[in-house]
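Thanks for coming, everyone. Please look at the screen while I walk you through one chain.

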Amino acid sequence: MKDATIIEALQRYLSDAESTLRAGAALAPGLRGGMIITLSGELGAGKTTLVRGMLRRLGWAGAVKSPSYALLEHYLISSLYFYHFDFYRFNDSSEWDTTGFAEYFRRDAICVIEWPERIAGRLPPVDVAAVLTHAAPGRTLMLQARTQAGKACLAAYSAAIV
């Protein structure tokens with residue numbers, strides 16, 4: 001990813017998996033088609049749990065699993081596509097060029113990407129960059145808005161989390 005201007009940033013301590021689910025649910029109302037959300041953090045930091053919270057709030061009742069092996073899990077919610085990518089297994093960012101995943105980044109889709117640093121420089125502009133960091137016994141969530149749509153998403157998050 002290229003350096004991006006941070007329009008707004010928020011940080012929150014999440015004590016457990018349940019609070020991580022709630023944080024994801026709080027992000028969901030601000031999500032719109034065409035948005036790109038990146039999730040960075042070590043293995044086990046709660047990235048997929050955060051996504052599960054988003055999807056539950058958007059009305060998805062089925063299973064939500066990590067796309068670590070498949071690279072992509074997709075969900076159809078009303079007339080909106082939700083694509084959950086995981087690029088942990090990429091060894092080189094050039095692997096992106098052969099996947100065909102660029103076609104998923106559309107106005108009728110929300111794209112959430114775990115391990116975005118593995119495809120550095122290949123992504124369109126990111127709306128919200130999330131970083132989850134272990135902070136025993138829980139984790140810290142840092143959210144950075146990098147576009148006006150991202151700023152609106154963080155405003156909705158702030159309103160929902162209170």
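**A walk through the model**

Start with G62, which sits in the loop between α2 and β3. A word on those labels: helices (H or I, at least four residues) and strands (E, at least two) are DSSP runs, numbered from the N terminus. G62 counts as partly exposed, at 28% relative accessibility. Here are the cut-offs: buried means under 20% relative accessible area, exposed means over 50%, and partly exposed is in between, using a 1.4 Å probe and protein chains only. Now take A28, 34 residues from G62 along the chain; the two C-alpha atoms are separated by 17 Å.

Some ground rules. This is a predicted model, where local features need pLDDT of at least 70, side-chain atom pairs count only at pLDDT 80 or more, and totals for chains, interfaces and linings use all residues. Residues are numbered from 1 along each chain as its sequence is written, and side-chain values use heavy atoms, leaving out hydrogens and water.

Next, a pair of helices. Two packed helices are described by the angle between their axes and the distance between the axes. Here the pair is α1, residues 17-27, and α2, residues 47-57. Their axes come within 6 Å and cross at roughly 50°. Axes are lines fitted to C-alpha atoms, for helices over the stretch in contact, and angles run from 0 to 180 degrees between N-to-C directions. So α1 and α2 are oblique to each other. The scheme is this: under 35 degrees is roughly parallel, over 145 roughly antiparallel, 65 to 115 roughly perpendicular, and the rest oblique.

Who touches whom? From α1, the contact uses A17, T20, L21, A23, G24, A25, A26 and L27. From α2, T49, L50, R52, G53, M54 and R57 take part. Contact means heavy atoms within 4.5 Å. Zoom in on T49, in helix α2. T49 is buried, with a relative accessible area of 18%. Skip its neighbours within four places in sequence, and T49 is in contact with A17, T20 and L21.

Now the interior. In soluble globular proteins, nonpolar side chains tend to be buried together. A nonpolar core is a set of buried Ala, Val, Leu, Ile, Met, Phe, Trp, Tyr and Cys residues joined through side-chain atoms within 4.5 Å. The largest one here has 28 residues. Which members touch the most others? They are L31, L50, F82, V112, L141 and L143. At least two residues each come from α1, β2 (36-40), α2, β3, β5, β6, β7 and α3 (148-161). The most come from α2, with four residues. As for L31, setting aside neighbours within four places in sequence, its contacts are I37, M54, L58, F82, I110 and C153. There is also a second, separate core of 17 residues, including L71, F87, I113 and L123.

S78 is not a glycine, yet has a positive phi of about 55°. It is found in the loop between β3 (72-77) and β4 (80-86). W115 is not a glycine either, and its phi is positive too, about 60°. W115 lies in the loop between β5 (109-114) and β6. Which of the two is buried, and which is exposed? S78 is exposed, with a relative accessible area of 70%. W115 counts as buried, at 10% relative accessibility. Finally, a cis peptide bond joins A136 and P137, with omega about 10°. P137 is in the loop between β6 (128-135) and β7 (138-145).
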